[in-house]
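Thank you all for coming; I would like to take a few minutes to walk through one model with you. Please have a look at it first, and then I will go through a few local features in turn.

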Amino acid sequence: MDVQKRKKHYYQNNSNNQKKRKQLSLEAGTMGFLCTCNFREKDCVRDAYKLLNQFADEIYGSETTKDNDNDNTKVSIANDDPVSDTEQDNEDISTALNKEINELKAEYAKPVAARRFQVVDTGVKNVIFIRSTLSNPLELVTKIVTELEKTKQQRTRYLLRLLPIEVICKAYMNDIKQKADAMLEKYFAQEPKTFSIVFNRHSNSNIHREEVIEDLAEIISKKNPGNKADLKNPELAVIVEVIRGVCLMSVAPNYYKFKKYNLLEICNAKESVNNTKVRTNNISCKVFIRTAVF
């Protein structure tokens, strides 16, 4: 009887876990951020959460309420006793820790659908998707890559590429063309733009690269006859990522300037430029020395 009870309990737990996984799978109708890494997926998710939350707080403000801050302020005002600097520092550290703990508790207490950022299962190794409640993922990613390009300060270790995803639909050509037509309207219907179409496919053999590129290029041309393809340095890159049974799409400005939105390469670009300058200076010095000798 104990064995039967264990088996029943075991299968019940498995069914519950499967339901949870199903709820957190990549689905049509959502938006967010596509991340890539090299095997360290958990560390990549940690990097992504930290980076996205940091910049999202700068742009949109923190999601948590400031009730705890107000309570702490009332306590400090009511306390008229002299306090040493050491005690004050300890209180500040304790207050900061309590605030962080309360923020984490409030975040995990939210329903999954209400969280600003939530990782979901893509079913593909080294490819991670973070669903978001933000209405414009491109705004956040643009802020991140612009800051990294300016400062060259590396903010992640395991997170490689960070792509904003505006549209997710079923991986059928009719669905892709329908959703792409609505998405491309606001980018290509006004002033003429140069563009390229970047296509990647993961665990899917039904969608073909040439067909997608031709159909989307036709849609873009119809939006404005002045739109022209430019594979080397386009103003806008149309990103198409097919992952199993869904298609993820977005439009990324300055795609090649920002190293295909590879965060590590953006930060390392300064080193390559410096190395080129060093080599050039060394060559100039050698030429000068040879000229002086002769």
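Predicted model: local features only at pLDDT ≥ 70, side-chain atom pairs only at ≥ 80, totals over all residues.

What follows is a tour of a hairpin, a helix, the cysteines and an aromatic cluster.

Let me start with the hairpin. Strand β2, residues 117-120, runs antiparallel to strand β3, residues 127-132, and the two are joined by 4 bridges; within that pairing, Q118 has R131 as its bridge partner in β3. Between the strands of this hairpin there are 6 residues, and G123 takes a positive phi near 80°.

Leaving aside residues up to four places away in sequence, T122 touches L26, V127, I128, F129, I243 and R244.

Moving on to helix α6, which spans residues 173-188, we find a kink of about 30° centred on A182. Its buried residues are M173, I176, A180, M183, L184, Y187 and F188. What do these buried residues of α6 pack against? They pack against the helices α5 (137-151) and α7 (209-223), and against the strands β5 (167-170), β6 (194-202), β8 (236-243) and β9 (246-253).

Now to the cysteines, where the count of disulfides comes to 0. For C44, the nearest cysteine sulfur is that of C37, at 4.2 Å, and C44 is in no disulfide, because a disulfide requires the sulfur atoms to be within 2.5 Å. C44 is buried, with a relative accessible area of 0%. In the case of C247, the nearest cysteine sulfur belongs to C169 and is 4.7 Å away, so that by the 2.5 Å cut-off C247 is likewise in no disulfide. C247 also counts as buried, at 0% relative accessibility.

Finally, a word on the aromatic residues. The count of aromatic pairs comes to 5, and Y255, Y256, F258 and Y261 form one aromatic cluster.

That is where I will stop, and I am happy to go back to any of these places on the screen.

Notes. Residues numbered from 1 in each chain as written. Heavy atoms only, no water. Phe/Tyr/Trp six-rings, centres within 6.5 Å; stacked < 30°, edge-to-face > 60°. Pairing = 2+ DSSP bridges. Bend = angle between axes of the 7 residues up to and from the residue. Buried < 20%, exposed > 50% of the residue type's maximum accessible area, 1.4 Å probe, protein only. Contact = heavy atoms within 4.5 Å.
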